[in-house]
Amino acid sequence: MTARTEENRFASTCFVSVVLCLFASIAAFLIYFLIPSTKKIVETPVTLIAEEVVEQEEELEDFVPSFQEYLAEVSYEKLNDNTDAGLVLYRQSVSRPSVEWFYTHITGNKEVAQAILSEADKNEIPLSLAFSLAYTESRYNVKAVNKNSNTTTDRGLFQLNNASFPELTEEDFFDPFISSKYGMAHLKFCLTSAGNPVSGLAMYNAGTNRVRSNKTPQTTLNYVGKILSYQNMLDDLFNQEVASYYETQLVPGITVAYVPNKR
C-alpha cells in the first residue's frame, strides 16, 4: 500500500509540473506577442525624422511664400517658456529623461543634445526652435565650417562667426557646450530685439541692421523657412513620441505639473 501511494504521489507531482510548464509557455507567448515592444518606440523617432526631413526640404518652396503671413500671426509671447511643452517636460525630473532620450535620437549625439538642452533651458528658448536652428546651421555637426565672402568664418554647431565672437578660440568654436552657450544667448537677443521668431531668426542669419532696414536677402527668407518647417516637424514628432505619454495640468501663474499618462 505504501509503494502504491508513493507511485501516486510521484505521478501527481509530474502531472502538476507539466501543467505549470504549459501555463508558463502560454504566458510567455502572450507577453511576447501581445504586449507592445519598447524597441519599436525607440526606433520610431530615427525612422520618422529621416522621412520627415526629406519631405520638409522638398516642400520648402511652397512654405517660403507664406513668410509674411506667418510673421503677421506669430509673436514672441507664443514662444515663452510657459507654453513650450518641451521646456516644461525637460524641467520636470519625472519626464526629463524622456526629453533627453528624444533629442539624443534626433541629433545622434548625446553630448550635442545635452549641450543644446541645457542652454535652451537657461535662455528660455523652445527646444524645437533651438534644435531646428542647430540642424539648419550645421546638421548637428560640431566640426562644421563655412567660409564667407567677406573673409570671415562660421564654425561649429551654431556656426558662430569669428568676427562676431573674437574672444573665442578655434577650439572653443568646436566645443558643443560653448557653441550652444553663445548661440542660444545670441538667439535670445535676436528674438527679444525683433519681437517675433521670424524676424529674430532673420537677424541671427543676416544681422540686426539688415533686417531692421528691410534689406533681408531672399537667402535669409529661405533659411528661416527651413527652420520653421523643421520646427513644425519636430513639434509633431515630440508630441507623438514624448508629450503624449504625459498628462498636463496648468496651474494659475507659471506652474505646470506633469504626471505619467496612464490612459
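Ala, Val, Leu, Ile, Met, Phe, Trp, Tyr, Cys and Pro are counted here as nonpolar, Asp, Glu, Lys and Arg as charged, and the others, Gly among them, as polar. The structure is a predicted model, in which local features need pLDDT of at least 70 and side-chain atom pairs count only at pLDDT 80 or more, while totals for chains, interfaces and linings use all residues. Residues are numbered from 1 along each chain as its sequence is written, and side-chain values use heavy atoms, with hydrogens and water left out.

By the classes given above, the lining of the largest pocket divides into 7 nonpolar, 16 polar and 4 charged residues. A pocket is an open set of points on a 1 Å grid over the protein atoms alone, where a 1.4 Å probe fits, with protein on both sides within 12 Å along at least five of seven lines; lining residues have an atom within 4 Å of a point. The space in the largest pocket amounts to about 740 Å³, a volume being the space filled by probe spheres set on the points, which are joined across faces, edges and corners. Among the 27 lining residues, Glu 137, Asp 154, Gln 159, Tyr 204 and Asn 205 are the closest to the centre of this pocket. At least two lining residues each are supplied by α8, β3 (160-161), α11 (197-206) and α13 (218-241), and the largest share, 5 residues, comes from α13. Helices (H or I, at least four residues) and strands (E, at least two) are DSSP runs, numbered from the N terminus.

Helix α8 comprises 12 residues (127-138) and should span 16 Å at 1.5 Å a residue; its end C-alpha atoms lie 17 Å apart, which agrees. The expected span is 1.5 Å times one less than the number of residues. In α8, 12 of the 12 residues are buried, that is, under 20% relative accessible area with a 1.4 Å probe and protein chains only. Glu 137 is one of these buried residues. Arg 139, which follows α8, has a positive phi, near 55°.

An open sheet is formed by 3 strands in the order β1-β2-β3, with antiparallel pairing. β1 (145-147) and β3 stand at the edges with a single partner strand each, so one side of each has no neighbour in the sheet. Two strands pair if DSSP finds at least two bridges between them; β1 and β2 (residues 153-155) are joined by 3 bridges. Lys 147 stands opposite Thr 153 in β2.

Ser 95 lies in the loop between α5 (85-90) and α6 (96-107) and is buried, with a relative accessible area of 0%. Not counting residues up to four places away in sequence, Ser 95 touches Leu 89 and Tyr 246, contact meaning heavy atoms within 4.5 Å.

Conventions: Buried means under 20% relative accessible area, exposed over 50%, partly exposed in between (1.4 Å probe, protein chains only).
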